[in-house]
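Here are a few friendly notes to read with the model open beside you. Take them one at a time and find each spot as you go.

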Amino acid sequence: MAVAKANHVPKRSSRSLAAIVRANFCTLFNLVIGVLWLLILVFGEWQDSVFGLIMLANVLVGVVQELRAKRTLDRLAVVGQSPVTVRRDGLEQEIAPEQVVLGDLVLLAPGDHLLVDGEVVESAGLEVDESLLTGEADPVPKRPGDRVLSGSFAVAGAGAFTATAVGTDAYAVRLAEEAARFHLSHSELRDGIKRFIRYVTWLVIPIGALLMYSQLRHSVDFGTAITGAVAGIVTMIPEGLVLMTSIAFAIGVVRLGRRRCLVQELPAIEGLARVDVLCLDKTGTLTAGGMELGEVLPLRDGEPVTDALAALAGADPRPNATARAILERHPAAPWRALATVPFSSARKWSGADFGPHGTWVLGAPDILLTPHDQGYAQAAELSATGARVLALCRTTTLPESGAPEAEPVALVTLKQRIRPDARETLRYFEKQGVTVKVISGDSAVAVSAIATELGIPGGDRAVDARTLPEDDEEKLAEVLAANTVFGRVTPQQKRQFVGALRARGHTVAMTGDGVNDVLALKDADLGIAMGAGSPATKAVAQVVLLDNRFATLPHVVGEGRRVLANIERVSGLFLTKTFFAIVLALTTGVAGMMFPFTPRHSTLVNAVTIGIPALFLALAPTLERAKPGFVPRVLRFAVPAGVFCAIAVLVAYSAAATGTLEQDRTSAVLALFLTTWWVLVLVARPLTRGRIVLVAAMAGLFALALAIPAVRELFTLQPGGARADLIAVGVSVAAAAAISVAVKATGTLRA
């Protein structure tokens with residue numbers, strides 16, 4: 001006998017452990033550094049191999065951060081699993097979601113999530129919330145024969161449906177599968193650094209070969225030749241910049257984690273700092289769950305309107321969203337109901353007989369009122385504004401079907417609950433020059449009402465997405481540019497919106513919580529999911545707001561801007577070293593000189609002029625806004641600075657060529673420190689008290705390295721006398737002046 005297909009769904013809360021390790025370990029940077037590290041370990045001394053630890057640290061930071069995000073998402077996925085009630089062989093039983101099979105009769109009660117697709121066979125006032133699929137906030141009545149889709153949930157009544165699509169055939173899973181391919185968020189920082197490393201790697205091959213040849217010609221010791229060649233090559237690679245960027249991102253991730261914001265990828269926090277268009281889904285982002293009581297407008301004097309409303313809401317043993325909204329404002333009145341009629345979407349009203357207090361009904365004005373009744377026209381006007389309007393009426397009977405003959409007493413308005421932090425957060429983005437687009441599957445009138453209440457520019461001119469062109473991307477982009485609020489937007493249209501905005505050069509962030517947002521989240525430059533949203537949205541988004549607080553987004557922007565501004569600042573340090581090394585390696589290779597220092601010399605100078613200060617500078621607070629053109633700006637600073645540093649080192653090394661190789665190299669190291677320390681001073685500007693202490697402390701550390709015998713021995717530093725030292729200092733002062741003039745001329749010198 002054939003076995004029915006089971007509800008097996010692949011778990012894709014994040015990348016697998018193997019994929020995470022492979023992505024962080026198998027990089028061009030690690031390959032180059034790894035080969036050079038191996039050469040030193042085989043032919044050199046262990047003191048010259050410290051640079052290899054940077055590669056391991058970089059891999060560790062990336063892997064640990066992604067594993068942390070993976071564990072958090074996996075826990076969220078497990079917490080979201082609930083048993084499913086099915087009827088098999090006439091008996092009801094609870095089973096695990098993966099045990100549901102094709103053809104199962106699945107039972108539904110309020111609050112039950114639909115994990116598979118099906119066809120309704122039983123309905124007792126069954127209503128299903130499909131907002132995670134369509135964005136439509138209103139529950140949808142379901143009758144026998146109607147289709148239900150995975151990703152929705154029952155909110156009223158009861159019923160049962162036959163499973164017609166399970167596992168990867170279910171609607172929500174198919175939509176998630178389309179977006180399941182993992183992709184890293186775009187990062188100009190990361191891409192710029194990768195380009196640097198790629199170009200430098202191509203330069204390493206010919207320059208490294210030339211340097212290796214020259215070192216072997218001028219050294220009888222093969223190990224010394226290899227060490228000198230590796231020193232030149234390693235200095236060309238900005239290996240510390242990769243690590244520093246990862247550390248800055250990782251610390252930003254930790255800071256945001258304290259605000260219950262999960263960042264799944266290190267570069268993702270850069271994204272919002274560059275975003276100029278933020279697309280918001282109304283349901284779950286601007287609005288919270290449930291309804292909120294608006295105005296109560298009496299139509300007749302002397303009636304106990306408040307008590308009647310509270311009593312009707314309290315008489316329902318299973319209060320719906322409307323009843324809960326009333327009870328939040330008005331606790332249940334002490335009226336005892338003798339008979340009740342619960343609300344249903346088919347009836348569109350509910351009522352109760354309270355004996356001496358009378359019989360009251362609450363429902364849709366177009367059902368309970370006639371066009372000639374008081375309040376009918378007013379109700380129509382209120383509905384046109386996007387508010388949900390109900391009529392409170394007195395009656396004499398509660399009919400089992402149809403509408404009672406009712407006397408209008410009051411009109412009651414309900415509105416979706418706006419997140420308390422939404423208005424302030426939107427004002428923040430407006431001040432920062434970020435354009436907000438509200439794109440929702442709800443009706444254009446309802447979306448417009450929310451947008452208008454929040455003060456979103458253009459909120460009163462909501463566009464019904466069903467009227468938009470489907471195949472004309474240029475015209476769609478024009479409509480998007482001219483309008484802010486869109487209703488009745490399908491999942492595919494949300495994706496088209498994101499694509500059209502990106503095609504016009506915008507950096508787009510997309511927020512959402514439902515399956516209908518998955519495709520747009522994946523295609524956006526930065527996807528932001530709510531923690532209470534569907535597992536599919538959390539799997540494809542780069543940022544997950546675990547506590548569903550929209551107000552967390554400004555903090556994400558702040559962290560991104562801090563990272564961008566500070567990494568650009570310290571990039572000047574690292575890439576100055578790169579260009580200095582290229583000029584130095586070419587010159588020594590062509591001239592046939594011994595390389596002016598060893599890897600351990602480079603490690604010392606890099607630590608006190610780049611590594612340690614860069615860590616402090618990269619983590620400092622800043623309010624600088626993100627600006628495009630990261631690569632050209634850094635190059636305008638680093639190229640002249642690197643060239644003059646190389647000239648200073650070569651002059652000092654050549655002028656001191658009267659002592660031993662160690663003494664000559666010490667003079668070169670002194671010149672290298674002084675020139676790169678001055679570059680640090682320029683990069684640290686404006687010089688606050690803390691930064692003055694930082695640059696002074698770095699000078700002190702280098703002085704201690706020269707003064708302490710054990711440290712001098714560790715780094716093979718042998719000063720060659722007053723003459724050599726004075727030459728090195730004089731050359732460095734001249735080079736520092738030249739660097740200042742050059743970077744000021746390029747417009748990259750900070751005030």
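1. Helices (H or I, at least four residues) and strands (E, at least two) are DSSP runs, numbered from the N terminus. With that in hand, look at Gly433, which comes just after α14 and takes a positive phi of about 75°.

2. A word on where the values come from. This is a predicted model, in which local features need pLDDT of at least 70 and side-chain atom pairs count only at pLDDT 80 or more, while totals for chains, interfaces and linings use all residues. Residues are numbered from 1 along each chain as its sequence is written, and side-chain values use heavy atoms, with hydrogens and water left out.

3. Now the whole protein: there are 26 helices and 21 strands. Of its 751 residues, 54% are buried (buried means under 20% relative accessible area, exposed over 50% and partly exposed in between, with a 1.4 Å probe and protein chains only).

4. Which residues of α14 are buried? In this helix, residues 422-431, they are Ala422, Thr425, Leu426 and Phe429. Seen down the axis of α14, these buried residues fall within an arc of 100° (taken from the directions from the helix axis to the C-beta atoms), so they line one face of the helix.

5. Next, find α10 (residues 305-315) and α11 (residues 321-329), which pack at an angle of about 130° with their axes 9 Å apart. The axes are lines fitted to C-alpha atoms, for helices over the stretch in contact, and angles run from 0 to 180 degrees between N-to-C directions. That angle makes α10 oblique to α11 (under 35 degrees is roughly parallel, over 145 roughly antiparallel, 65 to 115 roughly perpendicular, and the rest oblique). From α10, Leu309, Ala310, Ala313 and Gly314 make the contact, meeting Ala323, Ile326 and Leu327 of α11; contact means heavy atoms within 4.5 Å.

6. Finally, visit Leu390 in strand β14 (residues 388-395). Leu390 is buried, with a relative accessible area of 13%. Leaving aside residues up to four places away in sequence, Leu390 touches several others, including Thr322, Leu362 and Val412. Leu390 and Thr322 are 68 residues apart in sequence and 9.7 Å apart in space, C-alpha to C-alpha.
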